[in-house]
Amino acid sequence: MGRRHYKGNAVATTITATINSSDSSITIASNSGWPDGIIGAFYVVIDRGTVNEESVLIQSRTGSTLAVAASGRGSNDTIATAHNSGATIEHVFTKTDADEANDHINTTVLDHHTQYLTNARHDVTARHSVGTVVPTGSPIASVAGDTVASGSNATGARSDHRHDRAVDPQGLIASAFATTSTAGISTETQVLSVAGVNPAPGTRWVRCVAQLTIATTGAAVLNSPEVASVRIKRAGVTIARGTYYLPNTGTGVTCVLNTVDQTSSTDTYSVTVERATGSGTLTSFADGTQKSILAIEDLGQ
């Protein structure tokens, strides 16, 4: 079925020369109001109401000459036949025109308009490609306290989309223990170290806790106390420092240093001890039951 050309004011006229049953060109006496076939082919009838009545499909008109469409002779249940010069010819609406329109409306399985979606074409995956046909948006990061929401944006989400999510605190991620004492300390001396501390990805907060027992060989003297300085370092840089006054020779003091640090890299954490003031040397005491401890805890972002 193709588009056809209709005109409402085409005059009835005559053919100007005899034609046989196979001629493909017909000349008419008047073309007033006749279609030219630019929109589509059109039908004519020759010798209407006689035994020689013939319906013909015309492909185009140039001036007064009609070009017959391929297989256009003897259409609409008529037979191609000869017609004499002067036979009447009319532009008409035919049985084929009416039947095609009726069929198009009432036969639902027909698919004449492929520019429209049907169930079959609508179900083609390519028509629903996310990111091309169906637009996508950037996932919105969830924050603590968010509740479930269906959303209102008209864009789609890919099946493998992700939302930002802060890595949960990992708890204890590194530790070091000393079970033997370090004696003879006067200048800064490292007594504990843990390398390769790597918190979860991103910039993270970590808590660093050091606990150790320190004693001195010197005696506390008025105005000249024995004082120990304890440091926690990250990559050699001091991030916490505590000073501890020591009593008489041999009496240990438990030193606890607790700090919070922010980092985004893999680092070495260490604990150092030095004599701040006094005349004796220091001992960082440790054995199998009383250990020196350095612990690193990931607190999250």
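Colleague: Of the contacts in the protein chain between residues at least 6 apart in sequence, what share joins residues at least 24 apart?
Modeller: That share is 69%. Contact means heavy atoms within 4.5 Å. This is a predicted model: local features need pLDDT of at least 70, side-chain atom pairs count only at pLDDT 80 or more, and totals for chains, interfaces and linings use all residues. Residues are numbered from 1 along each chain as its sequence is written, and side-chain values use heavy atoms, without hydrogens or water.

Colleague: Why is threonine 216 called buried?
Modeller: Its relative accessibility is 3%. Buried means under 20% relative accessible area, partly exposed lies in between, and exposed is over 50% (1.4 Å probe, protein chains only). Threonine 216 therefore counts as buried. Across the 301 residues of the protein chain, 32% are buried.

Colleague: What makes the pair threonine 216 and glutamate 226 a polar contact?
Modeller: Their side chains meet at 3.1 Å. A polar contact is a pair of N or O atoms within 3.5 Å; within protein, one must be able to donate a hydrogen and the other to accept it, and residues adjacent in sequence count only if both atoms are side-chain atoms. The 3.1 Å pair is a polar contact between side chains. Threonine 216 sits in strand β10.

Colleague: How do you know what counts as a strand?
Modeller: By DSSP runs, numbered from the N terminus: helices are H or I, at least four residues, and strands are E, at least two. The protein chain has two helices and 16 strands.

Colleague: In what order do the strands of the open six-stranded sheet lie?
Modeller: The order is β1-β6-β3-β4-β5-β2, with antiparallel pairing. β1 (13-14) and β2 (25-27) each have a single partner strand, so one side of each lacks a neighbour in the sheet.

Colleague: What makes a group of residues a nonpolar core?
Modeller: The residues must be buried Ala, Val, Leu, Ile, Met, Phe, Trp, Tyr or Cys, joined through side-chain atoms within 4.5 Å. The largest such core has 28 residues; Ile214, Val271, Leu294 and Ile296 have the most contacts inside it. Its largest share, five residues, comes from β10. A second, separate core has 14 residues, including Phe42 and Ile58.

Colleague: Which residues does isoleucine 296 touch, leaving out those up to four places away in sequence?
Modeller: Among them are Leu172, Ile173, Val194, Val206 and Tyr269.

Notes. Pairing = 2+ DSSP bridges.
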